[in-house]
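Please look through the structure below before reading on. The paragraphs after it go from the contacts between chains to the parts within them.

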Amino acid sequence: MSNVPADLKYTKSHEWVRSLADGTVEIGITDHAQHALGDLVFVEVPEPGRSVKQDEPCAVVESVKAASDVYAPLAGEITAGNPVLADAPETVNSDPYGAGWLMRVRPAAGAVAAAELMSAADYQKVVAAEGG
Amino acid sequence: MPSREKVIFEYSRAGRGASDQWPQDVGGAPLADLPSKLRRAKAPALPEVGELEAVRHFTRLSQLNFSIDTHFYPLGSCTMKYNPKACNQYAMLPQFLARHPLAPESHGQGFLACMYELQEMLKEVTGMQGVALSPMAGAHGEFAGVAMIRAYHRARGDLKRNEIIVPDAAHGTNPATATMCGCVVREVPVNSSGDVDLEALKAAVGPNTAGIMLTNPSTLGVFERGIEEVARVVHEAGGLLYYDGANLNAILGKVRPGDMGFDVMHMNLHKTFSTPHGGGGPGAGAVGVAARLVPFLPIPIVAKEGERYRWLTESDMPQSIGRLSAFMGNAGVLLRAYIYMRLLGRDGMRAVGEYATLNANYLLKRLQAAGFEAAYATRRASHEFIVTLRRQARELNVTAMDFAKRLLDLGFHAPTTYFPLIVPECLLIEPTETESKDVLDAFVAAMSQIQKEAQQEPERVRSAPHTMPVRRLDDVRAARHLDLTWTPTTQH
Amino acid sequence: MAFIPHTEADVAAMLEAIGARGIEDLFAEIPSSLRVSSLPGVPEALNEMQIGRLMSERAAQDGTPLSFLGAGAYEHHIPAAVWAITTRGEFYSAYTPYQAEASQGTLQMIYEFQTMIARLTGMEVANASMYDGASATAEATLMAVRANRKSKSARILVPTTLHPHYRRVAVAMASNQGLRFEELPYCTVEGVTLPASLAKYDGEDVTALVIQQPNFFGRLEDVDALTDWAHARNILVIAVVNPTSLALLKPPGEWGSRGADIAVGEGQPLGVPLSSGGPYFGFMTTRMEYVRQMPGRIVGRTLDVAGAEGFTLTLQAREQHIRRAKATSNICTNQGLLMTAATIYLSLMGPKGLERTAAASHARSRELVGALTRTPGVRLAFSGPCFHEAVLLLDRPVAPVLKALAARGILGGLDLAPYYPELGPALLVCATETKTAADIERYRASLTEAMQAVRAA
C-alpha cells in the first residue's frame, strides 16, 4: 500500500503538488510512481526561467528498466530544479514527498484552477485501480 | 565455465607488441610534411601485448559466452537458428573480401550476380515487386520503410498524413522508427486473443493516417487472423501497410506478406536467413515493396541489362528516399544470406516455415503438459509462443527473470523475458527449425526441474545463476556509477 | 535439407503430442486464400559442394586487381589471428548480450573496445559501435540537436570536403526530424574548408559544425581554428576522423582549446576487409556530459551480488526497447562482429604497429603522387599537406583513363567528376602500407600507357 499524504494534491500521471508560502508550488512524483520505476539512476530537472504549459513533459526520471517523462501539472514558470538529484537520484526513492522534490513552479494566472488537481482520496482510488 | 578473464590492458607491458604484424619503419623523413601543430603529441594508450597473449586473451573471452554453436538459444523474436559454416567460408573467399566498394562494375560481375539473384529470391519469398539490400539492420530497414511511406504520400501531395498506427504489443523499434521519420505514433490495443482490436483500429484511422506497422505472426506468437480485414480498413482510409519481418521464419514458404496486403516490409536477414548475430551485429535489413513504392526504394540497387549487372543510383531513381549507407550496405552479410538461400532452395524455404512451426507447437504442448501456462492457450503457436509465469510470481515469489537465470545453470540460454510488455512475467520462446526433438525434450525437463526447485527450494532459483562466470549483476550500480572505459586506478 | 534434423519418427511423435494429423494442421488458422503453393522464382536447392563451386567461379570472375582506391574504405594488412578468432562460434553465433551472465565474453570485448576507441580519439566515452561511418555521422547530428541546449535552429554546417556519400546519408536519415544541412564551400586551390567562409554565420543560431580530418581529398583541415570558431559561438563540433590517421594526427579530443564534442568515423581500416563496402562499423565518442544523449549500446563495468567484477549493458533506458517513441534513436544493434575484429586488431598492432601503418601509408602515398605526377598531363590538385590520399588533375577525362588501367588489372582511383565537377578531370588516389615500390612503378608505367591510349583515341 503506497503512501499518499493527505495535505497534497495529485495528478493522474502520478505527480504531487504542494503549495508553498511564497506562492510557488513544489512538484514531485508519488510513492506509487517511484516504486513502479524501481531504483532511479538518473533524474533530469528543468532549468529555472523556463515556461511550461499544463501537461507539458518537463523532467525525466530514469531507472534501469524505464525512463519516464514527468508532466507539468499546471502552467507556469520554473523557479527551481532540485540540485541534489544530479548526484543522488535515489533521494526520489527514499523520500519522494520531501527531499526528493523535482521542481518548483510559479503558477500562471488561473493555472491552479485549470489544473483540476485531485485530492489525496481521489488519487488513492487511482492507485488502487492500478493494483498499487 | 571458466572464471573471469583480466581486461587486456592488465597484460600490457611497455615495449611489448606483435611486431610480426607491423610494416617496416619508414623513419621520420616521409612525415616531415605533416604540420607539427596537427601531429599527435602522445601515442594512444592501446594495449602492448605479444601475439600469443592477445590470442589467449580473446580465445578465453570467447569461452565465457553462450552461443548457438554451443547452447540451445530459444530467444523469442530473434530466430537463433544454426549459422551454416559454408555461408561464412564462401562469403570470405579472398576475392570477395578484397573487392573495394568503389571498384568498377567490370570488376564485380560475379559479386553483382549474387546480389541481383538475392534481390530476386527475396522478392519471390515475400511477394513483393521491388527489393533494396542497403539497409544495414532491421531497425535501419524499418526506417527506410516508414520513410518510403512518407515519401509516397508527399509525392501525391497528401501532406497531412503523418500518423503511424502501432499495436501496443509491438517491438520498441516500431514507435522509435516512426518518430525518427518525423511521424506521430498512435497505439491501438490488441485483444485478449492476440489479434488487433478491429473496432479500435477503425476509430484510429482517418485522413492523417500514413500507415500501420504490423508483424504477422505478431509479437504474441500468433497469426493475425483478421489481417485481410485490417488491410482493407487501412487501405480504404488511404494508409499503407508496413510489415515488420522479424517473424518471417514462421511463414517462410507458406504465406507471403505481399499476398496479405502489405505494401512495404523489412526483412531481418540475420534472423530468417541465418546470417550471424555476431554478439550484436552486423545485421542486414533488406526492404521489399509493392509496385507503387518501387520508385522510392533506397539506392543503390542492382539491375540486370542483358547479361550485365550494374548499380542503379541517384540519377536512375530520382524519387528514391536516398542513400542510407556509405556504400552498398553490409555486402558480406548479403553474400551469406545468398548462400543460405541457395542451399535451401524453393523446397527448403517451405521446410523452414513448417518445421519452425512444428517445433514451436511441440514445445508448447510439452510445456503445457508439464504444468506451464501459455498466454494464448487457445491459439496455435506460430514459430514462437509465450509462457506466463505470473502464477509462480504470485504464489511462490519466483519470477520469469529467476527462471531465466536458473536455465543458464542448466546449460540453456534463457528465452526472451518481459517482452511483449503486455503479458506479465512472460517468456517468449522460439526454438527454430534447426533444433532436434531431443533438445526440445531436454529443455522441457530443465523447466520442470526449475519448477520443482521453485516449489521446494525457491531461494536457489531466486539467487541463480550459480555456475556462470559471474552471479547476477548490479544494474543499478552500473547506471549510477558509470564505469564505461577502463582506467588503471579504477577501484570498486 | 535446410539443416533440419528431424526423422520421420520424430515428426510422428511430435504430431501425436500436439494432437495434429499433419504439419498442415498447424497452419489451419491461416486463411487458405493466403497460402503459397510454390515458389518458382527460387531455384532448386544446391548442396554445399555445388554452392562452393558456384561461389568460387564468381569470385574468380572478379579477380583481385591492384587497387589504389581509398575514398572512405582502405586496404590494410589484417593479421591472420583477427578473423581466426572473430569467426569462432562463441563470438560469431552469440546474440546481443542481454543475459549478461551468459555473455561476459562479448560484454568485456565491448568494454575493451570502448576503452581503446576513447583513447584513440582522445575523448571520454565511446559506444559499442554503429552501422558505419556515414550513419554514425548522421546520428551525431541528431545527437548534437538533442545535446546543444543553447541552440534551437537544428542547423548543421557541413563542409563540401566531407565525403559526398556521408552528406547524402545525413540528409536521408536526419532531415525527416527537421534538421537543416548547409554546405560550406572549399578553396579550390588548397582543397580545404576556409575559416573565412564561416564569417557569414557569425551571430546566427547554428547547432553544430561537422569537420572531417583528413577530409575527403586527403587534405588536412585547420581543425583548431574551426573548433575554436564554433565553440566561441555555442556551436557543437562533430569530428569525422580516420582511425589509422589518429596514430599520427592530433585526436579530436585535443582540437582547439576544448576539443571536439562528438567524434565519429569509419572503423573499417581497423582489421575489417573491404568486402565490397560492408559490413563495416561506425565508432562514436563524446564527452561524459553528453553520454545520455548518445545513441547505441554502451557497456559498463559493475559488481555482481558476490562482489566480483562483471560487465553489463547499461543506460538502456535511452534505447528503443524501453523508451519506444521517445528513444534517442531506433538503433537496436551494434556491429558486434566487426567491433570484435577491431579490438583484436588494435591489440595486435598496439600503438607502435598503428603508427608504423599510418606512417607507411603516408610514405607510400607520397611516393605514389611523386611517381604519377612525373607522367605528362598529370599534376597535383591542391597545395598543402595530405594524409594517405591525394587528388590529381589530368589533362583529359578521367573515366576512359581508368577504364584503360582496369583493362591492365589496375584500379587507379576514384573519378571525382560525379561529385566535384568544378575541379575538371580529377582523380582521387590512395596508397597504403600494402603497396610496394614495384606496385607503384607498375601503376606509373600503366598510367603512361593509358594516357597515351586515350590521347591516341
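Predicted model: local features only at pLDDT ≥ 70, side-chain atom pairs only at ≥ 80, totals over all residues.

Helices (H or I, at least four residues) and strands (E, at least two) are DSSP runs, numbered from the N terminus.

Residues are numbered from 1 along each chain as its sequence is written, and chains are lettered from A and ligands numbered from 1 in the order in which they are written.

Chain B also touches chain A, with four residues of chain B in contact with four residues of chain A. The side of chain B in that contact has two nonpolar, no polar and two charged residues.

Now take chain B by itself. Chain B has 15 helices and 13 strands. Its radius of gyration is 25 Å, close to the 23 Å that the globule rule gives for 492 residues, so chain B is as compact as a globular protein of that length. The radius is taken over C-alpha atoms, and the rule is 2.2 Å times the number of residues to the power 0.38. Of the 492 residues in chain B, 62% are buried. A residue is buried if 20 or more other C-beta atoms lie within 10 Å of its own, exposed if 12 or fewer, and partly exposed in between, with C-beta atoms placed from the backbone.

Chain B is divided into domain 1 (86-344) and domain 2 (347-476), with bounds from an automatic or database domain assignment. The contact between them takes 20 residues from domain 1 of chain B and 20 residues from domain 2 of chain B. Chain C is likewise divided, into domain 1 (66-75 + 350-456) and domain 2 (80-344). Their centres, taken over C-alpha atoms, are 29 Å apart.

Which residues touch the most other members of the largest nonpolar core? They are Tyr242(B) and Ile238(C), in a core of 346 residues. Such a core is a set of buried Ala, Val, Leu, Ile, Met, Phe, Trp, Tyr and Cys residues joined through C-beta atoms within 7 Å. Helix α10 (residues 331-369) of chain B gives the most to this core, with 22 residues. Leaving aside neighbours within four places in sequence, Tyr242(B) is in contact with residues including Ile149(B), Phe262(B) and Met265(B).

Six strands form an open sheet in the order β1-β2-β3-β9-β8-β5 (chain A), with antiparallel pairing; two strands pair if DSSP finds at least two bridges between them. At the edges stand β1 (9-10) and β5 (51-52) of chain A, each with a single partner strand, so one side of each is left without a neighbour in the sheet. Strand β8 (residues 76-81) of chain A pairs with strand β9 (residues 103-107) of chain A in the antiparallel sense over five bridges. Ile78(A) stands opposite Val105(A) in β9(A).

How values were computed. Contact = placed C-beta atoms within 7 Å. Nonpolar A, V, L, I, M, F, W, Y, C, P; charged D, E, K, R; others polar.
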